[in-house]
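Please keep the sequence and the 3D view side by side.

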Amino acid sequence: MPMLKIFVGTMYGGALDVAEQVKPLFEEAGYEVAIFENPSLEDLTGSRTDLALFCVSTTGSGDIPGNLLPFARALDEQSPGLPSLRYGLIALGDSSYGETFCGAGRQLDALLEGQGAQRLGERLEIDAMETFMADDAALPWVEEWIETQQLKVA
């Protein structure tokens, strides 16, 4: 059974809620799923990762949440090279912050791309000004992502 790892970056739990809500969709598609609330780079590189999903909220002025910061710093500083990593990214933000909207997700996406990782499809950016419950946008996106990227294995 392939392994999907969901890496969460959150301040108030919104991104974790999204991760927990989409987990069953991946299980139904045939994946073993692990959610990492305080992820380290070792969680990604230290064992098999067939597919990764990053659920990341933005704090402050486009900043990466504190629980994901050690992961992002290690990714940047250790430069592990991730050419075999296939991933998706769900970014949560608030468009009232202007240019820093979904800044954490965009930063992480750039870091992953810089390591040679391959994002499958487009990044989902969820605007708190338009979507009260982030999973209302995330669930249909994940269903479509699994379908369009042909990720179903079961």
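## Strand pairing and packing

Strands β3 and β4 (residues 86-93) pair in the parallel sense over 6 bridges. Here two strands count as paired if DSSP finds at least two bridges between them. Helices (H or I, at least four residues) and strands (E, at least two) are DSSP runs, numbered from the N terminus. Within this pairing, Cys55 stands opposite Ile90 in β4. The chain gets from β3 to β4 through helix α3 (residues 69-78), in a right-handed β-α-β crossover. Right-handed means that, with the strands pointing away from the viewer, the path from the first strand over the helix to the second runs clockwise.

The model is predicted: local features need pLDDT of at least 70 and side-chain atom pairs count only at pLDDT 80 or more, while totals for chains, interfaces and linings use all residues. Residues are numbered from 1 along each chain as its sequence is written, and side-chain values use heavy atoms, with hydrogens and water left out.

β3 also pairs with strand β1 (residues 3-9), in the parallel sense and over 6 bridges. Leu4 has Leu51 as its bridge partner in β3. Ile6 stands opposite Leu53 in β3. β1 has a further parallel partner in strand β2 (residues 32-36), joined by 5 bridges. There, Ile6 has Ile35 as its bridge partner. The chain crosses from β1 through α1 to β2, and this β-α-β crossover is right-handed.

How many residues of β3 are buried? For strand β3 (residues 51-57) the count is 7 of the 7, so the strand is largely enclosed by the rest of the structure. Buried means under 20% relative accessible area, exposed over 50%, and partly exposed in between (1.4 Å probe, protein chains only). In a regular strand the side chains alternate between the two faces of the sheet. In β3, one side carries Leu51, Leu53, Cys55 and Ser57, and the other Ala52, Phe54 and Val56; all are buried. For β1, 7 of the 7 residues are buried, so it too is largely enclosed by the rest of the structure. Met3, Lys5, Phe7 and Gly9 are buried on one side of β1, and Leu4, Ile6 and Val8 on the other.

## Cores

The largest nonpolar core has 28 residues, and Ile6, Phe26, Leu53 and Ile90 have the most contacts inside it. Such a core is a set of buried Ala, Val, Leu, Ile, Met, Phe, Trp, Tyr and Cys residues joined through side-chain atoms within 4.5 Å. β1, α1 (14-28), β3, β4, β6 (124-127) and α5 (134-148) each supply at least two of its residues. The largest share, 7 residues, comes from α1. Apart from this core lies another, of 25 residues, among them Phe54, Leu85, Phe101 and Leu111.

Leaving aside neighbours within four places in sequence, Ile6 is in contact (heavy atoms within 4.5 Å) with residues including Ala19, Val22, Val33, Phe36 and Leu53.

## Helix α3

Phe71, Ala72, Ala74 and Leu75 are the buried residues of α3. Seen down the helix axis, they fall within an arc of 165°, so they line one face of the helix. The arc is that of the directions from the helix axis to the C-beta atoms. These buried residues pack against β1, α2 (41-45), β3 and α4. On the other side of α3, Pro70, Asp76 and Glu77 are exposed. Just after the helix, Ser79 takes a positive phi of about 40°.

## Cysteines and a buried aspartate

The structure holds 0 disulfides, a disulfide being a pair of cysteine sulfur atoms within 2.5 Å. Cys55 is in none; its nearest cysteine sulfur, that of Cys102, is 12 Å away. Asp109 lies in helix α4 (residues 103-114). Leaving aside neighbours within four places in sequence, Asp109 is in contact with Tyr87, Leu89, Arg119 and Arg123.

| Residue | State | Relative accessible area |
|---|---|---|
| Cys55 | buried | 0% |
| Cys102 | buried | 1% |
| Asp109 | buried | 3% |
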